[in-house]
Amino acid sequence: PHAIRLEGDLTLGGLFPVHARGPAGVPCGPVKKEKGIHRLEAMLYALDRVNGDPRVLPNLTLGARILDTCSRDTYALEQALSFVRSLLPPEGGEGSCADGSAPRRPPPERLVGVIGASASSVSIMVANVLRLFA
């Protein structure tokens, strides 16, 4: 539920603690302005600058999928797995349409890297998981 998606030829992932840790049983608490929103805005600003200058990446645009870690290491790891799920084929096989034709599915996301998380311990966990899927 806490995500931002920008279309592009190549996608950068982002994991930021936009919300503080929530109370027991609730993953997310109040918004974190300085350490969460500012980092999110910095990434969006950088993407805007890169995409706005045709000399930097000619004929390419950078997109983003930015997820909220809610300042929890386990939640951040869960969010990182959603990057992996976007690369896997859909569940239930290929299937078919009512007219018998094969369904059209969007191409897999071209995730080229992930920025974040803000804590080293979380970044190491996330990197170890994502490394398994190149």
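Buried means under 20% relative accessible area, exposed over 50% and partly exposed in between, with a 1.4 Å probe and protein chains only. Contact, the basis for cover, means heavy atoms within 4.5 Å. Helices (H or I, at least four residues) and strands (E, at least two) are DSSP runs numbered from the N terminus.

The model is predicted: local features need pLDDT of at least 70, side-chain atom pairs count only at pLDDT 80 or more, and totals for chains, interfaces and linings use all residues. Residues are numbered from 1 along each chain as its sequence is written, and side-chain values use heavy atoms, with hydrogens and water left out.

### Overall layout

The protein contains three helices and six strands, which follow the pattern β-β-β-β-α-β-α-β-α along the sequence. Of its 134 residues, 29% count as buried. Of the contacts between residues at least 6 apart in sequence, 67% join residues at least 24 apart. The accessible surface is about 8600 Å², and carbon and sulfur atoms account for 59% of that area; such areas come from the Shrake-Rupley method with a 1.4 Å probe, and for residues only the protein chains shown count as cover.

### The sheet

Four strands form an open sheet with mixed pairing, in the order β1-β5-β2-β6. Because β1 and β6 are at the edges with a single partner strand each, one side of each has no neighbour in the sheet. From one strand to the next the twist averages 15°. Two strands pair if DSSP finds at least two bridges between them. The pairings are as follows.

| Strand pair | Sense | Bridges |
|---|---|---|
| β1 (residues 3–6) and β5 | antiparallel | four bridges |
| β2 and β5 | parallel | seven bridges |
| β2 and β6 | parallel | five bridges |

Ala-3 is opposite Leu-67 of β5, while Leu-12 has Ala-64 of β5 as its bridge partner. Leu-15 is opposite Gly-116 of β6.

Helix α1 (residues 33–52) packs on this sheet and touches β1, β2, β5 and β6, its direction making about 175° with that of β5. Helix α2 also packs on the sheet, with β2, β5 and β6 as the strands touched and an angle of about 150° to β5. For these angles, axes are lines fitted to C-alpha atoms, for helices over the stretch in contact, and values run from 0 to 180 degrees between N-to-C directions.

Seven of the seven residues of β5 are buried, so the strand is largely enclosed by the rest of the structure. In a regular strand the side chains alternate between the two faces of the sheet. In β5 both faces are covered, with Leu-62, Ala-64, Ile-66 and Asp-68 buried on one side and Gly-63, Arg-65 and Leu-67 on the other.

Thr-11 belongs to strand β2 and is buried, with a relative accessible area of 4%. Beyond its neighbours within four places in sequence, Thr-11 contacts Arg-5, then Gly-63, Ala-64 and Arg-65, and also Glu-109, Arg-110, Leu-111, Val-112 and Gly-113.

### Helix α2

Helix α2 covers residues 73–85, and at 1.5 Å a residue these 13 residues should span 18 Å, which agrees with the 19 Å between its end C-alpha atoms. The expected span is 1.5 Å times one less than the number of residues. Its buried residues are Tyr-75, Ala-76, Gln-79, Ala-80, Ser-82, Phe-83 and Val-84. An α-helix has 3.6 residues a turn, so residues three or four places apart point the same way.

### The loop between β5 and α2

Thr-69 sits in the loop between β5 and α2 and counts as buried at 4% relative accessibility. Residues up to four places away in sequence aside, Thr-69 touches Leu-15, Phe-16 and Pro-17, together with Tyr-75 and Ala-76.

A disulfide is counted when two cysteine sulfur atoms lie within 2.5 Å, and one disulfide meets this rule. Cys-28 and Cys-70 form it, with their sulfur atoms 1.7 Å apart. The link of Cys-28 and Cys-70 is right-handed, with 70° about the S-S bond. Cys-28 is in strand β4 and Cys-70 in the loop between β5 and α2, so the pair ties together parts 42 residues apart in sequence. Cys-28 and Cys-70 are both buried.
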